[in-house]
Amino acid sequence: MITDLKFFNIGQKWPPDSEIERLQRYEQNRKLFEGRHELVFKDWVRLLRDDKKATLEIILNWHKRLSTLWADLLLGERPRITAGAPNSKEQQQLEAIIESNDFFNVAYEVALDISRYGTGIFKLRYDGRAIIEAIPPALWFPVVSPDNIKDVRAHVIAWTFEVPTPTLLNKDKKTTYLRLEIHEKGKITNKLFELKDGVIKQELDVTSFYDDLQPEQATGMDDFLVVPVHNILTSDRVYGQDDYSDLDSIIQELEIRVAQISRILDKHADPNMAGPAWALEQNEYGEYVVKGGGKYFPVEQGDPEPKYITWDGQLEAAYREIDLLMEQLYTLSETSAAAFGQLKSGLAESGTALRRLMMTPLAKVNRIRMRFDPAIKKVLQLASQLEAKFGRGIELSTINIAWNDGLPQDEKEQAEIYSLLVQNGLISRETALKRLFEFDAETLRQELTKIAVETAQEAPALFTVNLNNQQQTQQAQSE
């Protein structure tokens with residue numbers, strides 16, 4: 001936790017000691033997400049033989065699958081974002097910002113970071129238009145008040161880079177530099193330092209490396225141009241909690257157990273054989289071996305017969321352990337088998353049944369949404385303020401977001417529900433059509449007109465049929 005801007009003074013270590021554990025965890029989680037588990041798990045490969053040469057590795061990349069699951073449920077069905085009536089200036093301005101920034105893909109990247117690292121970062125800047133970016137949280141160093149860690153005083157974006165500086169004695173020499181963007185309300189301060197052996201050596205003129213950059217830039221904004229979004233956050237945490245920490249040991253044990261089962265099955269697919277010494281024969285290398293595969297061995301009376309050596313690998317116990325580990329994985333990750341499409345026949349024959357099975361995953365997505373919703377609104381409002389400041393549009397005062405749950409709609413079930421509601425007079429036909437098909441006002445009006453016309457055309461035919469039925473009934477009664 002950083003409480004002042006002295007952490008980049010000359011002579012200070014980089015990165016700061018208080019941030020090393022966080023940055024190491026970010027790096028580990030990035031490798032886990034990418035499936036490079038052997039670089040993270042200490043007991044990744046258990047030695048399977050006494051000669052310590054045989055290893056077996058199977059990667060079950062649940063980390064990536066979980067992160068994409070939450071991002072898909074949150075943003076897989078695009079939320080409807082509005083700032084005014086259709087075709088209004090406000091709505092056109094909002095849609096232009098969203099389209100020019102490919103905003104939903106940017107938001108998807110932030111959602112992945114929320115799961116992987118516990119925090120995702122939106123960053124805004126202006127370069128002919130408002131630009132919204134997702135930046136790695138490993139570059140983000142918030143400066144908080146020592147009296148209230150929720151009071152962020154500045155957002156520092158920092159990264160290092162190397163530049164070749166060959167000398168006569170060392171042609172491969174490189175110099176490491178530290179670049180800082182200090183975001184405060186109303187301004188951004190740009191700094192450049194030289195690093196030597198992980199220590200800040202001296203400050204350099206930032207304009208000597210960047211021609212179009214000033215040491216200090218006024219933003220004209222009353223807020224930061226950096227917007228963090230957190231996963232689980234408590235009163236004593238500055239950074240959100242990632243989804244991986246609680247699951248690493250379970251996933252590691254699953255990988256080891258599956259790898260060992262695979263080794264057992266492979267090894268005993270071609271079991272060893274025991275028998276009399278006369279069954280041995282010498283090969284071209286001078287080694288005495290038994291050549292199986294249907295070869296006939298004559299056996300005299302009283303001689304032992306050749307036999308295979310088999311071993312009880314206790315596979316049933318291994319499978320029971322895997323089932324137990326999977327139950328714990330589902331519980332701790334707040335998922336279920338239904339979240340990954342592992343449904344037994346008859347368990348989810350309707351949309352309502354599927355939602356019951358997905359109650360826990362949907363609850364977690366809703367928790368993420370509660371933090372994502374205000375962040376998106378803030379980002380889009382700041383983007384509109386940037387564009388308004390440079391005369392490219394108007395400032396958006398109100399933004400509304402209609403979220404979806406990410407689950408497929410059971411159209412038959414929904415149609416039956418609304419049909420029943422209309423028949424019982426609980427809602428109007430207009431409301432039912434609007435909710436079922438999401439018609440706009442003009443389309444809805446046209447559809448209602450068509451329904452009225454068709455109903456009027458069918459009415460005389462229905463009246464004639466009913467009259468004929470009544471006449472036939474009366475005639476039958478008179479006879």
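## Helix packing, cores and backbone geometry in a predicted model

Helix α2 crosses helix α4 with right-handed geometry; a crossing is right-handed if the near helix is turned clockwise from the far one by less than a right angle, and left-handed if anticlockwise. The structure is a predicted model, in which local features need pLDDT of at least 70 and side-chain atom pairs count only at pLDDT 80 or more, while totals for chains, interfaces and linings use all residues. Residues are numbered from 1 along each chain as its sequence is written, and side-chain values use heavy atoms, with hydrogens and water left out.

**Overall make-up**

The secondary structure consists of 11 helices and 15 strands. Helices (H or I, at least four residues) and strands (E, at least two) are DSSP runs, numbered from the N terminus. The protein has 479 residues, and 37% of them are buried. Buried stands for under 20% relative accessible area, exposed for over 50%, and partly exposed for values in between (1.4 Å probe, protein chains only). Among contacts with a separation of 6 or more, 64% join residues 24 or more positions apart; a contact is a pair with heavy atoms within 4.5 Å. The exposed surface comes to about 28700 Å², of which carbon and sulfur atoms supply 49%. These areas come from the Shrake-Rupley method with a 1.4 Å probe.

**Packing of helix α2**

The axes of α2 and α4 are 9 Å apart, at an angle of about 140 degrees. That angle makes α2 oblique to α4. Angles under 35 degrees count as roughly parallel, over 145 as roughly antiparallel, 65 to 115 as roughly perpendicular and the rest as oblique. Axes are lines fitted to C-alpha atoms, for helices over the stretch in contact, and angles run from 0 to 180 degrees between N-to-C directions. On the α2 side the contact is made by Ser67, Thr68, Trp70, Ala71, Asp72, Leu74 and Leu75, and on the α4 side by Phe104, Ala107, Tyr108, Ala111, Leu112, Ser115 and Arg116.

Tyr108 belongs to helix α4 (residues 103–117). Leaving aside residues up to four places away in sequence, Tyr108 touches Thr68, Ala71, Asp72 and Leu75. Tyr108 and Trp70 are 38 residues apart in sequence, with 9.8 Å between their C-alpha atoms. Tyr108 counts as partly exposed because its relative accessibility is 22%.

Helix α2 (residues 62–75) also packs against α8, at an angle of about 70 degrees with the axes 10 Å apart. That makes α2 roughly perpendicular to α8. The crossing of α2 and α8 is right-handed. Trp70, Leu73, Leu74 and Leu75 of α2 meet Pro361, Lys364, Val365, Ile368, Arg369 and Phe372 of α8.

**Nonpolar cores**

A nonpolar core is a set of buried Ala, Val, Leu, Ile, Met, Phe, Trp, Tyr and Cys residues joined through side-chain atoms within 4.5 Å. The largest one has 66 residues, and the members that touch the most others are Ile81, Phe103, Phe122, Leu124, Ile132, Phe372 and Leu380. Helix α8 (residues 359–389) gives the most to this core, with 11 residues. Another core, of 27 residues, lies apart from it and includes Leu23, Trp140, Leu180 and Ile182.

Beyond residues up to four places away in sequence, Ile81 touches Gln91, Leu94, Ile98, Phe104, Ile376, Leu380, Ile399, Asn400 and Ile401.

**Two further residues**

Ser336 sits in the loop between α6 (315–333) and α7 (351–357). Ser336 counts as buried because its relative accessibility is 16%. With residues up to four places away in sequence left out, Ser336 touches Tyr330, Leu357, Met358 and Pro361.

Glu184 is in strand β6 (residues 174–184). Its relative accessible area is 25%, so Glu184 is partly exposed. Not counting residues up to four places away in sequence, Glu184 touches Arg153, Ala154, Thr189 and Phe224.

**Backbone geometry**

Most residues other than glycine have a negative phi, and most peptide bonds are trans. The table lists exceptions.

| Site | Feature and value |
|---|---|
| Trp14 and Pro15 | cis peptide bond, omega about -5 degrees |
| Asp102 | positive phi, about 50 degrees |
| Asp197 | positive phi, near 55 degrees |

Pro15 is in the segment before α1 (17–33). Asp102 lies in the loop between α3 (89–100) and α4, and with 39% relative accessibility Asp102 counts as partly exposed. Asp197 is in the loop between β7 (187–196) and β8 (199–204), and with 76% relative accessibility Asp197 counts as exposed.
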